[in-house]
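Please open the model in the viewer and keep the sequence panel at hand.

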Amino acid sequence: MTTELSGMIECRPLARIWGVEDEDAVWQAAIDLDLLTTGNAYDALACLFGVRNSFGFRPLAEGRGLPEDASEGLRERFAGWGGPDSAWGTTWITWAELRTADWDETDGSGRKSRRAVAGAATHWGPVWDVMRALGGVHGAEHVRLVVWFD
């Protein structure tokens, strides 16, 4: 049985200008992962999110759930997927966290690095490009990837 990935990149555009406490500094849906065709290579899902982690990676963002302050667009997409009754492994990670991750860390066997399975040269490259661009405009801590699985 395959594991299907879904999700969205969000950003909080006015937080950099007005601060995170400002009422207008809310998260907004930016782009659906379906448009970036990330695929579902299990080694990448394991090292990023702890999903199907028979590889022994230390996941970067496992089991955080849906962010409490998720954008309306993301909430609608998640509900359209079936919400918590159909989705599992829901989690999120900011661009700031991804930028500081140890991309040379390996799986349990020591043969596969994060960079090799989910780095910029993999099918995750377009996701990182979009997050990098949004982070450059809005700040790395104000850009996040939210994912769930079926």
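Select Pro84 to begin: this residue is found in helix α4, residues 83-86. Helices (H or I, at least four residues) and strands (E, at least two) are DSSP runs, numbered from the N terminus. Pro84 is exposed, at a relative accessible area of 65%. Here buried means under 20% relative accessible area, exposed over 50%, and partly exposed in between, with a 1.4 Å probe and protein chains only.

The model is a predicted one, in which local features need pLDDT of at least 70 and side-chain atom pairs count only at pLDDT 80 or more, while totals for chains, interfaces and linings use all residues. Residues are numbered from 1 along each chain as its sequence is written, and side-chain values use heavy atoms, with hydrogens and water left out.

From Pro84, move to Phe49, which is 35 residues apart from Pro84 in sequence and 17 Å apart in space, C-alpha to C-alpha. Phe49 belongs to helix α2, residues 42-49, and is buried, with a relative accessible area of 2%.

Now select the whole of α2. How many of its eight residues are buried? Seven are, and the helix is mostly covered; the buried residues are Asp43, Ala44, Leu45, Ala46, Cys47, Leu48 and Phe49. These residues pack against β1 (5-11), β3, α5 (95-100), α6 (114-118), α7 (125-138) and β4, where contact means heavy atoms within 4.5 Å. Gly50 follows α2 and has a positive phi, near 75°.

Next, display the aromatic rings. A pair of aromatic rings is described by the distance of the centres and the angle of the planes. Rings of Phe, Tyr and Trp (its six-membered ring) pair if their centres lie within 6.5 Å; planes under 30 degrees apart count as stacked, over 60 as edge-to-face and the rest as tilted. The structure holds six aromatic pairs. In one of them, Phe49 and Phe149 are tilted, at 6.1 Å centre to centre and 55° between the planes. This pair links distant parts of the chain, since Phe149 lies in strand β4 (residues 143-149), 100 residues apart from Phe49.

Stay on Phe149, which is buried, with a relative accessible area of 0%. The ring centres of Trp88 and Phe149 are 5.6 Å apart and their planes stand at 40°, so this pair is tilted. Because Trp88 lies in strand β3 (residues 88-94) and Phe149 in strand β4, the pair ties together parts that are 61 residues apart in sequence. Trp88 counts as partly exposed, at 39% relative accessibility. To see the cluster, select Phe49, Trp88, Trp103, Trp124, Trp128 and Phe149, which form one aromatic cluster.

For the last stop, select Asp32, found in strand β2, residues 28-32. Is Asp32 buried or exposed? At 14% relative accessibility, Asp32 counts as buried. Its side chain reaches the backbone nitrogen of Asp34 at 2.8 Å. A polar contact of 2.3 Å also joins the side chains of Asp32 and Arg77. A polar contact is a pair of N or O atoms within 3.5 Å; within protein, one must be able to donate a hydrogen and the other to accept it, and residues adjacent in sequence count only if both atoms are side-chain atoms.
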